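Here are a few friendly notes to read alongside the model. Please keep the viewer open as you go through the points.

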Amino acid sequence: MKINWKYALGEIIIVIIGISLAFLLNNWGESLKERKVKQLYLESLKSDIEVEMNHLSENQKAINIKLGQIRQLMPHMGRALPGRDSMGKKLFQIANSISFKPETNTYQTLVNSGDLKLIDKFELRRQIEQHYNQHQEIQNSYKRLEHIHSSYLADFFVYELDYGKLRQGNNDFLDKPLLSNILSSIMGAYMIALDANQSCMNSNERLLKTINSELSS
């Protein structure tokens with residue numbers, strides 16, 4: 001039986017071309033899918049950042065209010081100044097602490113799923129990682145605040161305040177050096193939290209700008 005080599009070679013070439021096209025189409029499909037997934041991740045990160053920025057902005061305002069309340073209260077410590085009768089209420093306003101919960105759901109999903117590799121631009125990926133690593137610093141500053149409130153100010157309320165006298169308008173508790181020390185510590189912790197808060201705000205703004213640029217490209 002005589003083999004038609006031209007025909008056989010043609011068939012082989014057709015098969016090779018078919019396999020190559022299928023491979024290319026599959027790669028193209030996977031690449032398109034990855035681009036869509038990356039787009040969804042970036043949009044989700046953008047949403048997380050915007051929510052977190054609003055939270056940080058509200059905290060920034062709340063911290064400044066707390067610092068203002070402490071500054072109003074401090075001159076009355078150990079002094080019978082005018083307006084001292086209203087200072088008891090200020091102390092209880094200061095007692096309400098401020099917390100921070102970072103928006104990390106999308107980032108944690110990216111890390112845990114291994115999809116962080118979809119962020120193919122090195123600089124963007126590095127910026128994302130740096131930003132979310134910074135959260136530990138700001139959380140530590142808020143934890144410091146919570147510790148002072150729960151371990152020192154709360155104990156002062158339990159062991160040092162005479163609520164019977166307080167209801168009668170007696171604010172002699174303002175003469176206790178312990179309270180002055182606690183309030184000074186709270187003020188210092190709020191100042192540290194304010195700096196960490198602003199640093200995180202700046203990081204959010206930079207990352208949001210980079211993500212917006214990537215989404216529009």
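1. Is phenylalanine 100 buried or exposed? Phenylalanine 100 counts as buried, because its relative accessibility is 8% (buried means under 20% relative accessible area, exposed over 50%, partly exposed in between, with a 1.4 Å probe and protein chains only).

2. A word on the source: this is a predicted model, where local features need pLDDT of at least 70, side-chain atom pairs count only at pLDDT 80 or more, and totals for chains, interfaces and linings use all residues. Residues are numbered from 1 along each chain as its sequence is written, and side-chain values use heavy atoms, leaving out hydrogens and water.

3. The chain has seven helices and zero strands (DSSP runs numbered from the N terminus: H or I of at least four residues for helices, E of at least two for strands). Of its 217 residues, 34% are buried.

4. Back to phenylalanine 100: its ring and that of tyrosine 142 are stacked, with centres 5.6 Å apart and planes at 25 degrees (rings of Phe, Tyr and Trp, the last by its six-membered ring, pair if their centres lie within 6.5 Å; planes under 30 degrees apart count as stacked, over 60 as edge-to-face and the rest as tilted). Phenylalanine 100 sits in the loop between α2 and α3 (105-113) and tyrosine 142 in helix α5, so the pair ties together parts 42 residues apart in sequence. Tyrosine 142 is buried too, at 2% relative accessibility.

5. Look next at glutamine 134, in the loop between α4 (122-133) and α5 (135-159). Glutamine 134 is buried, with a relative accessible area of 16%.
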